[in-house]
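Have the structure open beside you as we go.

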Amino acid sequence: MGVWWELMVGKSDWSYTNDFPSIHIGVTDYEHAKPHGRHGANTANVKRYIDFAADNGFDALLVEGWNIGWEDWFGNFKDEVFDFVTPYPDFDLPYLRDYAKQRGIKLIMHHETSSSVRSYERQMEKAYNFMNDNGYDAVKSGYVGPILPRGENHSSQWIVNHFNYAVKRAAEHKIMVNGHEAVRPTGLCRTYPNMIGNESAMGSEYHSLTGIKPHHTTILPFTRLIGGPMDYTPGLFQSDISKINPAKRGSRVNTTIANQLSLYVTMASPLQMAADLPENYEPYMDAFQFIKDVALDWDKSVYIEAEPMEYITTARKQKGSENWFIGGTNGGAPRTSTFKLDFLTPGKKYEAVIYQDAKDADCYTDNSKKYKITRKVVTSKSKLSIPSVEGSGFAISLKAL
């Protein structure tokens, strides 16, 4: 899980104070600054997320906005933007570190560079040592904004070399890297297994920025995911963003709950986030069960049906298990998916739990939350037929009996 989506939609902020029109790392005095009261990465809020994650069987929590520098960070071509070892005054790192460990949760570090790449390289050894000292063994790195040095871009050779350098240095410290706004992967995760996944495309955060068309997630499996796993950050249950932040009136995630569940299978990654807020999951814990159940590692994948921009239905066999999971992601038109389960082990019975659209579901209104869950016993001889509305889909867990 992550203290992330509430920042993207403006329920809270990455920054801590309004006192500083600009900040200078090592000089600006945060201890005597007046907090603006909207800082999301505060001790109480992070503890709330830790508890929800632990209570529901998760193993890690990403926290963005914990470190100083966010008051003056985006698009300013500043060389020294962030300090990667100093928390804001309201983020009690030792307490949260120890409390998370007590609850069985690993905290995932966040390093936003604001694309000040040389500054990050200068601080990298200190930052990674800080992570080792405090029990962080995973980092989400970010490269938002125009690249510094000027003239470089996110896909230039210089930046490709930088990102590979960061991954190799992280490996020396036994640290896993999840890169956002990083270079498009080309299979290097096979060379550097600590490169667990990249964003490197329009991920879920674009729902809070410019919106995403319903067919977007039926394109990415054919393009972005060919080079390696993608951290798409699915699991958005509250589609009306104004219900989270009233200032975002008219802003909406063009999806359904059934669609969001499907993405955990069709957008394969060994690192998956339940991206929404705890309070947005609590009314729908029966649907949230699929996110708790779905596997991350697979022995086998079967692409049942697919057409770019229209639909993709994928079945994956959980690693070291007889259990299977199916995700059907639908694009811009209603359709019915009909398919056989002949990939299942012959002679075995499975309990199928099917998460699909309920009557009147759609991806443009609060009917996005209309779903139904059915259970049935199936075998390799069974055949399923599941209708989906525009921008929706379905998800199925198949547990061997």
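I call a residue buried under 20% relative accessible area, exposed over 50% and partly exposed in between, using a 1.4 Å probe and protein chains only. By that rule Y88 is buried, at a relative accessible area of 1%. Y30 is buried as well, at 6%.

**Ground rules.** The model is predicted, so I noted that local features need pLDDT of at least 70 and side-chain atom pairs count only at pLDDT 80 or more, while totals for chains, interfaces and linings use all residues. Residues are numbered from 1 along each chain as its sequence is written, and side-chain values use heavy atoms, with hydrogens and water left out.

**Aromatic rings.** I count rings of Phe, Tyr and Trp (its six-membered ring) as a pair if their centres lie within 6.5 Å; planes under 30 degrees apart are stacked, over 60 edge-to-face and the rest tilted. How many aromatic pairs does the structure hold? I found 28. One of them joins Y30 and Y88, edge-to-face, with 5.3 Å centre to centre and 75° between the planes. Y30 sits in the loop between α1 (5-8) and α2 (43-55), and Y88 in the loop between β2 (60-63) and α3 (93-102), so I am looking at a link across 58 residues. For the element names, helices (H or I, at least four residues) and strands (E, at least two) are DSSP runs numbered from the N terminus.

Next I looked up Y284 and Y371: their ring centres are 6.4 Å apart and their planes stand at 70°, so this pair is edge-to-face. Y284 lies in the loop between α7 (278-281) and α8 (285-293) and Y371 in strand β12, so the pair ties together parts 87 residues apart in sequence. Both Y284 and Y371 are buried. I also found one aromatic cluster formed by W14, W70, W73, F74, F82, F84 and Y120.

**Two helices.** How do α4 and α5 pack, and at what angle? Helix α4 (residues 117-133) and helix α5 (residues 157-172) make an angle of about 5°, with axes 11 Å apart. Axes are lines fitted to C-alpha atoms, for helices over the stretch in contact, and angles run from 0 to 180 degrees between N-to-C directions. So α4 is roughly parallel to α5 (under 35 degrees; over 145 is roughly antiparallel, 65 to 115 roughly perpendicular, the rest oblique). With contact meaning heavy atoms within 4.5 Å, the α4 side includes Y120 and M124, and the α5 side includes W158 and Y165.

**The sheet.** I traced an open sheet of 6 strands in the order β7-β8-β9-β14-β11-β12, with antiparallel pairing. Two strands pair if DSSP finds at least two bridges between them. β7 (298-307) and β12 stand at the edges with a single partner strand each, so one side of each has no neighbour in the sheet. Strands β9 (residues 324-330) and β14 (residues 393-400) pair over 6 bridges, and F325 has S397 in β14 as its bridge partner. Helix α6 (residues 257-266) packs on this sheet, its direction making about 125° with that of β9.

**Two loop residues.** Is H216 buried or exposed? H216 is buried, at 13% relative accessibility. I placed H216 in the loop between β6 (195-198) and α6, in contact with M202 and Y232 once neighbours within four places in sequence are left aside. K359, in the loop between β11 (350-357) and β12 (371-378), is exposed at 69%.
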